[in-house]
Amino acid sequence: MTPLQNDTFLRALLRQPTEYTPVWMMRQAGRYLPEYKATRKNAGSFLSLCKNADFATEVTIQPLDRYPLLDASILFSDILTVPDAMGLGLYFEEGEGPKFERTLQQEADIKKLVVPDMAELQYVFNAVSQIRKTLNGRVPLIGFSGSPWTLATYMVEGKGGTDFLNIKKMAYARPDLLHHILDITAQTVIQYLNAQIAAGAQAVMIFDSWGGALAHDAYIEFSLNYMKKIVSGLTKTSEGSKVPSIVFTKGGGLWLEAQAETGADALGLDWAVDIGSARKRVGAKVALQGNLDPAILLSTPEAIEKQVANVLASYGHGNGHVFNLGHGITQWTPPENAAAMLNAVREHSRQYHQ
Ligand code: CP3
């Protein structure tokens, strides 16, 4: 493999010195880019983009070609490939979010759940190797998975963004059943992320998009503990380099101290948290990734520059910050506003690394 030409992102995750604050954007490949929409049309659907290594590579590289200031790439795929491989039948309806044909609500169905053969996810690992080859050392490649709790919300509810009443009822009435789902899913995620690392992923991120819906004790029991288990099961070095891990609970700003004990190298922050206060709370244990409100990218280049400067100033001097949005970029973002953000990060961040 060609050596990395830009390892700024990996150094920041490991809290090593960098010349500026590295940056990437959650959902950086997606519908705000006209070139993504064209490829998606060509492929026929979102899932056929994910399942074909040529298409997945093409859309992963698109934001890097448009924005030379990006310091990382992320595998084009979805967290829901895992429940799909577990036999739940993922599908998308135009204009609606992802859904599953089958849900896990009956005890008998839950008891039948097993760790799937990783061959079911071979298309993801093929995409990882092809993307790595195509990147040719440009920037590091991030692999990812959903957290067991977040994947379980889709498996039990059959779709996302609900009030989570079915899965919460299970958590309180039949915790044994939910723990069974989470345990099988955590074992699956460990194998899945390690196979992505073996195929060439240079950092990994766990998306706990719905962890913020939980009560305090329930978050620790049903979400955090399983992410901790995953982090301890991850391959720590590959190709002679450390493979840093990032844990991101959306809406999880209350629990940063606990997240810093998972063994992850970095924590993702959504926009609700002041990053400077977060840094004081976690100390030198972890790096922080975030946390501009993605809605700011709908405004003007001047407003964007000001808000970027505020996030950088709040983090302050020193290492351990990866700039990002607090959640995925919205499809309504004008592409030139993303460029304004990336320019502002590069220009304003050098002063904090002297
Ligand atoms: O960041 C990247 O560029 C990598 C690609 C990526 C996608 N999904 C592509 C995608 C990543 C990292 C994900 C993760 C993901 N998927 C999460 C965790 C992150 C988060 O947003 O909290 C979740 C919860 C999902 C589940 C999912 N997939 C939802 C809720 C949706 C619909 C949302 C929407 O914007 O319509 C998807 C579909 C999806 N995944 C799209 C993309 C680019 C849009 C599909 C399309 O082209 O229509």
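Helices (H or I, at least four residues) and strands (E, at least two) are here DSSP runs, numbered from the N terminus. By that convention N291 belongs to strand 10 (residues 287-292), and a cis peptide bond, with omega about -10 degrees, joins G290 to N291. The structure is a predicted model, in which local features need pLDDT of at least 70 and side-chain atom pairs count only at pLDDT 80 or more, while totals for chains, interfaces and linings use all residues. Residues are numbered from 1 along each chain as its sequence is written, and side-chain values use heavy atoms, with hydrogens and water left out.

A further backbone feature concerns F164, which has a positive phi of about 60 degrees although it is not a glycine; F164 is placed in the loop between helix 8 (148-157) and helix 9 (165-173).

**The ligand site**

| Protein atom | Ligand atom | Distance |
|---|---|---|
| A29, backbone N or O | oxygen | 3.1 Å |
| R40, side-chain N or O | oxygen | 2.6 Å |
| D78, polar side-chain atom | nitrogen | 2.7 Å |

Taken alone, the ligand exposes 880 Å², of which the protein buries 87% (accessible areas by the Shrake-Rupley method with a 1.4 Å probe).

**Salt bridges**

The structure holds 17 salt bridges, each defined as a side-chain nitrogen of Lys or Arg within 4 Å of a carboxyl oxygen of Asp or Glu. One of them is formed by the side chains of R66 and E35, at 2.8 Å from N to O. This pair links distant parts of the chain, since R66 lies in helix 4 (residues 53-66) and E35 in helix 2 (residues 34-43), 31 residues apart. Side chains of opposite charge can pair when their charged atoms come close.

Note on methods. A polar contact is a pair of N or O atoms within 3.5 Å; within protein, one must be able to donate a hydrogen and the other to accept it, and residues adjacent in sequence count only if both atoms are side-chain atoms.
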